[in-house]
Amino acid sequence: MNEITVRVGGQAGDGIASLGESAARGFSRMGLHVFGLNAYQSVIRGGHVWYQARASDARVYSQGDHADILYALDRATVDIHAADLRSGGTVIFDPEKFTLAGTQLPAGITALELPTLAIARKYTSQSILQNASGLGALAYLAGIPLDVLHPVLRDSFGRKADDVVEWNIGASTDGYQYAAQHAQPSSHVLPRGTEPKLLMHGNAALALGAAAAGCKFLAQYPMTPASTIMHWMAAHSQSLGVVVKQAEDELAAIHMAIGASFAGVRSMTATSGGGFCLMVEALGMAGMTETPVVVVNSQRAGPSTGLPTKTEQGDLNLMLGAGQGEFPRAILAPSNPTEAYQAIVDAFRLAEDWQTPILVASDLHLSENHMTVDRAGIDLNVPVPSLFSVPSNGHDYKRYAYTESGVSPRAIPGQPGLQFKAGSDEHDERGHLISDVHSGIPLWVTERQRMMDKRMHKLQGLVKAVPPPVFEGPTDAPLTFVAWGSTVGAVRDAMVVLSEQGRPTNLLRFPTVYPLDADAVRAAFARTHRTLLVEANYSGQFGRLLRAETGVTLTERLLKYDGEPFFPHEIVARARELN
Amino acid sequence: MADSSTQPLPAELGTPLPLIGKSDTKPTWCPGCGDFGVIAAIEMAVKRLKIPSHNLVIISGIGCSSNLPHFLSSYGFHGIHGRVLPVAEGIRWANHGLTVIGTGGDGDGFGIGAGHFVHAMRRNVDLTYVTMDNQIYGLTTGQASPTSTLGQKTKSTPNGVIENPIDPIALALASGATYVARGFSGDVKHLADLVANGVQHHGFAFVDVFSPCVTYNKINTFDFFRQRVYKLESAGHNPTDLVAAWQRALEWGDKIPIGLFYRTDKPTYEDLEEVLAAGPLALQPAGLHGKDQLLDEFI
């Protein structure tokens, strides 16, 4: 596997994310596999932000461990990131902005002094154009040809005035040529692949997948890192015919989604942990009224406001236990945009089939970072059956009829002759309340128990319908990683490194974290030797769930809760200790 | 007005559409409860408008009054405390061919649900919201509510309420509601007129109803209101005059106005949400079949 990685850094407001994404898109259009990490802080101006675009001729699933080219828009970027450069790497900076006086670059690292501001002044007094010349130089060093870079810039700035586009083309060309005259391309430059690849972040994949699954209504309240789900859907609302409602709070958002679903529209909401907390009571209402709803929780580091722009998998306990009493639910946990697309398609199907809330656990690392997706991996032709499945004017219709599966025929308001009441109170097969004048009367005591059994029985079907655990890698490896959600990415990359070091490992990943098919899980673990649980939270929440549900105890754990994603080298180091 | 002619599914030809009536569940309210007058008025209003019961959804929250949907033959959603309006909005946006009536109490609407109340009104969602305002928490056996009178002694305020009550009419005017009315469950016919006009109104219609709790509120009784209420339409009030509406909203004491305070015509949320121009969302095509060009933006 050959790879090359570029990193750009500066202050919030410098345009770092846009710069980095342009580089990532250059690689993806070359047909390379790309992971783009957007590292930022909860400030709009200032601070320190950086973007890393890692490209490879083989699949990459994480940001990787090193960089080859660093474009530093400020001195802090050099101080923070130069140590991550591989030997042979280059630091690009403009000596008009700062000097490297007093900084000793690591051995084998050279500096390219690039007059970005002077180049920008050729075109405009707007200093932001310096980024284009820096990007041009970076492209030269990283092997992104101008015939790839220029269309990226044209697409990126296409909505702006013509002169802005041409300034960017000119400045990037100048930067590229300056670098060609004053530096050597990286020795890690990769040849072009075949077809351009799709590049998307997890939230775009979730929104796209929701629309493909037939979602027509999204209600959401802004919260990092879930907001870009709403942004994508809002930008496509009219062309796709999806109503997007920014609600007054998360309470309203989930209730709107449940109301819309009740009235016959596939609906969802999305949020992060704090907003999810506000949705907890409504989840139970969806469970009790047996109204399908899909809820995305894109986790960030908690507790409370925590680290709003940093990642964590700390909400598993919350999602498992959200809501008073008991009702069936499933929690899907995709690890990358390709899986996120499929997971939300699955979530909508499961929500409809089982008439209960389905949760999709994302996190900042998956939601906001870019990754290449094979076009063939995204099938937009998802079957979307009509929700009007019960014939109107039916005789003796019972909305909550007892059935073998626990799923009852669902009428939609507007259908003649099927009127029913959806009640958050306990109710009988017709939806009549048994919570007040009937409660405690023996006949209705029995009825309550039957109705609980009916709802909870859905879990037995649900557990067979959710995506099962997946083994990856060589069978019979001496060490098996256990992971869920975005952490799977760094584990996969670590497995490649370990394999190259002659240490085969495999992975048991859980695209569904709940419910777990205990027998199947135990059978899977029977095929493992040593295991290492890798999770981004303090207490090993999935490990605990696994033990509770299956009796499988994972004693070796690699837990991370500093807000940063796992890096492959961290996993490699721990694996080497064990194996 | 919610267009009841836009039916989500074609009714079988020749079958008369059943109008709303009582369901097979009897009300569980205390004998003499004000809510009996409110449900009678809603039934009367909906019947008069000839809205078929399958095209009507009544949404409620939690509290004595929120059991109301169970007692009528329409579709109903009996949700959780304070969330009547977001559920009702979701239903309206999913199918704006349906007539949507939200119901609930003063605690539900002006306490735990106050935020939703304000926002639903500023959006001018085309639905009718009827609050059964008894100025007390009844189902939890008699605590102060957001509309309890200053000084009123309740289980939670044994020395008297020390917070000023919310004025739902003034709050509705301030929030941009386009139909603001107050009724009295002791005058069902008048209340039915207010509800029927509210349902016909193109936009958010708010009808706050004095609906006395005969068990826990010994101050705001039927007699209390009978002695005080007067009808705005008999007093020369011009309901298109916002300033006059404010003046009437602030009246409280020996004379308390009921009737229509304010009415204005503005585009509804559904009018302005362009996706809904193609018809009820529930009947629009869904999914991305054949839209493969959508992926080009990711290249």
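In what order do the nine strands of the open sheet run? Hi everyone, let's walk through it. The order is E15(A)-E2(B)-E1(B)-E3(B)-E4(B)-E6(B)-E5(B)-E8(B)-E7(B), and the pairing is mixed. Strands here are DSSP runs of E with at least two residues, helices are runs of H or I with at least four, and both are numbered from the N terminus. Two strands pair if DSSP finds at least two bridges between them.

A word on the source: this is a predicted model, where local features need pLDDT of at least 70 and side-chain atom pairs count only at pLDDT 80 or more, while totals for chains, interfaces and linings use all residues. Residues are numbered from 1 along each chain as its sequence is written, and chains are lettered from A and ligands numbered from 1 in the order in which they are written.

Now the edges: strand E15 (421–423) of chain A and strand E7 (229–231) of chain B each pair on one side only. E15(A) runs parallel to E2(B), joined by three bridges, and A:Lys421 stands opposite B:Gly76.

Further in, E3 (residues 99–105) and E4 (residues 128–133) of chain B are also parallel, with five bridges; B:Thr103 has B:Val130 as its bridge partner.

Finally, the two chains. In chain A, 60 residues are in contact with 54 residues of chain B, contact being C-beta atoms, placed from the backbone, within 7 Å. On the chain A side, H10(A) gives the largest share, nine residues. That side has 33 nonpolar, 17 polar and 10 charged residues, counting Ala, Val, Leu, Ile, Met, Phe, Trp, Tyr, Cys and Pro as nonpolar, Asp, Glu, Lys and Arg as charged, and the others, Gly among them, as polar.

Note on methods:
Two residues are in contact if their C-beta atoms, placed from the backbone, lie within 7 Å.
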